[in-house]
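Visitor: I have the model on my screen and a few questions about the words you use for it. Could you go through them with me?

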Amino acid sequence: MPASSSRSLRVAVVADSDTRWKWGALTAKRTVSTESDIRLDGYLLRGRATPTARQLEEVGVRADSLREVTAVEFLRTMREESYDVLVLALVGGGVQAMLHGLRRAWEARTERPVVVTGYVGVVYEKLADGLLLRHGADLVLANSRQDADRFRAVYEGVGADASSVTEVALPFLGGAAYTGEHDPYTVVFAAQPSVPESRKDRTYLLNRLIQHARRHPEREVLLKLRSKPGEHTTHLEELPYQKLAQKTDLPPNFRLVYGHMGEVLDRTDLLVTVSSTAALESLHRRIPTVVLTDLGVREVLGNHHFVGSGCLASWDQLDAGHRPVADEEWVARQGVAAGGPASGGGSYESAFDAARERIGKLLAAAELPPLAPYYTTETAPGYLPGILARHHLGPDGVPLPGAPAADKAPGPVRQIVRRAARGAYRHGVQRVAPVIRRMGEL
């Protein structure tokens, strides 16, 4: 499948949530040769976090085709269709299942797509587990120089091939550089679905945000929400902030907002978060950015990743007028803002050159070897079969008998049953599970 500027390259992206669809589609657009047009086909893996139409609209990334599939149906499509590049924008277990399923699906073919995977944002937990589940793709993308070094160390440490690790940057960075304060001065808190997790901590953060709005009536204070109640993103959200705020008397300069993060950042003067990837988007634009220390600097919160950034601060400091200044060396190591919009340079776009070059060489190769994940029934006989079974695949990557696969769009009855099942699941996550957890703490 040689790369050619005279034809359109066919690229497929399979994703299991709105955030991963955004990452996967933008990764495809940035890493495939800029000299070639691409046809982008999207596949949304059916599951608890399959994005709604509203979420897809908010993400704002368009595809030439987009459809919902089961894992087995996707693998059958990949066996029958011919693509140049395939981006696996899935959780680690999903990537591993697809790698084994694709290896089996393509075993009778002399040509196959270049397979790319990686991470949506900051990698602050399950480093070894997540990386080894992604091993076997042709490219495992690292979003910074620091991540690339860590990824190679993990692979080499277990004796796995580390040549797939390729340094890039987060594909959704961009937008206009911050040029000065807006009128009114706008503070944005970027909420996260699962960090922090407890009602006590989430209520505390909400109250401090509201207090900040009352202390500074001249400021506009926005709570940027990821999803509406009943929708799921990459992570479960048992206690949505909008529900916590329902019985609270909100000041007139406080608002809850949805929408594209980039559009919100266009009017932001101070971005506040616990550990959201939105902090990296904000830093890329040189917007003053705060990573909160109120609940501690802890691995479980993910804010430990920002140690050394110059962005760690508390609400008390912010209430008193503190404006953080990011450490330039730290920011550069994260692949953020180096030569980006603030400096007028072009190095952000060039951060994808290595990936484009590697993909181009693989596309030009006469034949690609079979996919070779680190995990096999020999290296992980007590781990791998369970991962594959969750996606209705046997230990050999072959679909299990009775595996769900939709050859056509589901009928009206099936659609109703599916919506009811999702509703019951979400009710259990957001209503029943917290009650049971609280009862267990008595």
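Visitor: What makes you say that α4 is largely enclosed by the rest of the structure?
Guide: Buried means under 20% relative accessible area, exposed over 50%, and partly exposed in between, with a 1.4 Å probe and protein chains only. In α4, 12 of the 14 residues are buried, so the helix counts as largely enclosed. Among them are Gly92, Val95, Met98, His100 and Ala105. Bear in mind that this is a predicted model, where local features need pLDDT of at least 70, side-chain atom pairs count only at pLDDT 80 or more, and totals for chains, interfaces and linings use all residues. Residues are numbered from 1 along each chain as its sequence is written, and side-chain values use heavy atoms, with hydrogens and water left out.

Visitor: Which elements do the buried residues of α4 pack against?
Guide: They pack against α3 (71-80), β4 (85-89), β5 (114-118), α5 (127-134) and α15 (384-389); contact means heavy atoms within 4.5 Å. Helices (H or I, at least four residues) and strands (E, at least two) are DSSP runs, numbered from the N terminus.

Visitor: How do you know that the span of α4 agrees with what a helix should give?
Guide: The expected span is 1.5 Å times one less than the number of residues. For the 14 residues of α4 (residues 92-105) that should be 20 Å, and the end C-alpha atoms are 20 Å apart, so the two agree.

Visitor: Why is Val91 called partly exposed?
Guide: Val91 has 40% relative accessibility, so it falls in the partly exposed class. You'll find Val91 in the loop between β4 and α4. Leaving aside neighbours within four places in sequence, Val91 touches Asp16, Arg20 and Arg134.

Visitor: What makes β3 and β7 edge strands?
Guide: Two strands pair if DSSP finds at least two bridges between them. The open sheet has 7 strands in the order β3-β2-β1-β4-β5-β6-β7, paired in parallel. β3 (65-69) and β7 (165-167) each pair on one side only, which is what puts them at the edges. For β7, the parallel pairing with β6 (residues 139-142) runs over 3 bridges, and Ala142 stands opposite Glu167 in β7.
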